[in-house]
Amino acid sequence: MSWLVIAVVGVVTIAFKASGPVLLGKRELPARVASVVEVLAPAMLAALVVTQTVGGDRELVIDERLAGVVAGGIAVWLRAPLLVVMAVAAVTAALIRLL
Amino acid sequence: MVRTSRTRDGVRAALPLAIAPLLFGASFGLLAIDSGLGAPGAVVMSATTFAGSAQLAAASILEDGGGAASAIVAALLLNARYVPLSLAVASIFPGSRRRRALESQLIVDESWALAGRSGRFEYRVLVGAGLVLYVVWVGGTALGTVIGDLLDPEAIGLDAAFPALFLALLAPYLRNRRALATALVAGGITLVLLPFAPPGVPIVAASLAALIGLLR
């Protein structure tokens with residue numbers, strides 16, 4: 001049973017990840033498609049931020065992650081390097097959890 | 001100064017983050033033992049699926065006795081976001097179709113996001129970062145099957161570090177009005193769907209915000 005899960009999830013995920021480079025490849029995209037692909041990055045990043053900050057299993061979960069991300073957001077605004085942003089977020093969440 | 005990025009730049013970008021996939025990999029390894037996936041199964045899954053949230057979801061469903069079908073559906077919904085992520089970087093992979101298929105397996109949220117940090121996606125950064133994350137994820141999984149209960153990523157706040165990383169990588173896009181509008185709509189779609197839709201669906205739905213690119 002568990003090997004069935006491992007096999008199906010593995011094969012389909014491999015296909016998901018390969019879809020762009022294999023199907024589209026280096027082909028020149030029509031201008032309209034290219035302009036959609038161009039803003040795909042900010043769309044997906046914003047969606048990742050939201051799900052990983054307040055996401056739960058069919059619910060919004062407000063917890064220490066949100067405080068950490070707000071603190072990290074301030075670090076971003078102050079133009080801190082990536083690692084500092086991550087450290088600020090992690091330490092904030094960890095400290096609040098300790099309290 | 002304009003300079004082509006090298007694989008080493010990707011390795012260098014990902015190495016300091018590697019503590020997180022190590023500990024989350026270990027969490028998965030531990031959970032996999034409890035869920036009946038077993039140690040070999042856990043390592044094989046990390047090496048083939050290589051996607052943290054989907055693997056953790058599948059293992060926790062199996063542990064709760066949820067059955068193979070629901071574990072598969074949940075994991076695949078969570079991984080469906082790799083279709084839009086993969087489309088966004090489709091053009092950067094060189095070489096034969098087989099080589100592109102193989103190297104595209106290094107696409108994972110963090111390597112993908114780091115590869116785009118300069119405002120355009122860089123193949124070598126994606127491959128370098130992806131390789132580091134892959135090795136650490138598979139190694140962390142193996143470690144977790146043995147000593148998983150000693151490693152807790154949430155105790156040191158790592159679950160808050162990744163959304164903050166994605167926020168930092170999103171920030172440079174927001175100076176462009178169209179990208180800002182897209183990000184706001186995508187974030188809004190995600191937030192509205194989170195309380196109702198199965199995990200993974202909100203992110204995929206948010207990719208529709210990219211249709212804003214069609215407006216002139």
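Colleague: How do H1(A) and H5(B) run, roughly parallel or roughly perpendicular to each other?

Modeller: H1(A) and H5(B) are roughly parallel, a label for angles under 35 degrees, with over 145 being roughly antiparallel, 65 to 115 roughly perpendicular and the rest oblique. Their axes cross at roughly 20° and come within 10 Å. Axes here are lines fitted to C-alpha atoms over the stretch in contact, and angles run from 0 to 180 degrees between N-to-C directions. Keep in mind that this is a predicted model, where local features need pLDDT of at least 70, side-chain atom pairs need 80 or more, and totals for chains, interfaces and linings use all residues. Residues are numbered from 1 along each chain as its sequence is written, while chains are lettered from A and ligands numbered from 1 in the order written.

Colleague: Which residues of H1(A) and H5(B) make the contact?

Modeller: From H1(A), A:Leu4, A:Val5, A:Val8, A:Val9, A:Val12, A:Thr13 and A:Phe16 take part, and they meet B:Ala68, B:Ala71, B:Ile72, B:Ala75, B:Leu76 and B:Asn79 of H5(B). Contact means C-beta atoms, placed from the backbone, within 7 Å.

Colleague: Zooming out, how many residues does each chain put into the contact?

Modeller: Chain A gives 65 residues and chain B gives 82 residues. On the chain A side, H1(A) supplies the largest share, 19 residues. That side has 41 nonpolar, 15 polar and 9 charged residues.

Colleague: Is B:Phe50 buried or exposed?

Modeller: B:Phe50 is buried because 25 other C-beta atoms lie within 10 Å; the cut-offs are 20 or more for buried, 12 or fewer for exposed, and partly exposed in between.

Colleague: What about A:Arg79, buried or exposed?

Modeller: A:Arg79 counts as exposed, since it has 10 C-beta neighbours inside 10 Å. A:Arg79 also has a positive phi, near 60°, and lies in the loop between H4 and H5 of chain A.

Technical notes: Two residues are in contact if their C-beta atoms, placed from the backbone, lie within 7 Å. Helices (H or I, at least four residues) and strands (E, at least two) are DSSP runs, numbered from the N terminus. Ala, Val, Leu, Ile, Met, Phe, Trp, Tyr, Cys and Pro count as nonpolar, Asp, Glu, Lys and Arg as charged, and the others, Gly among them, as polar.
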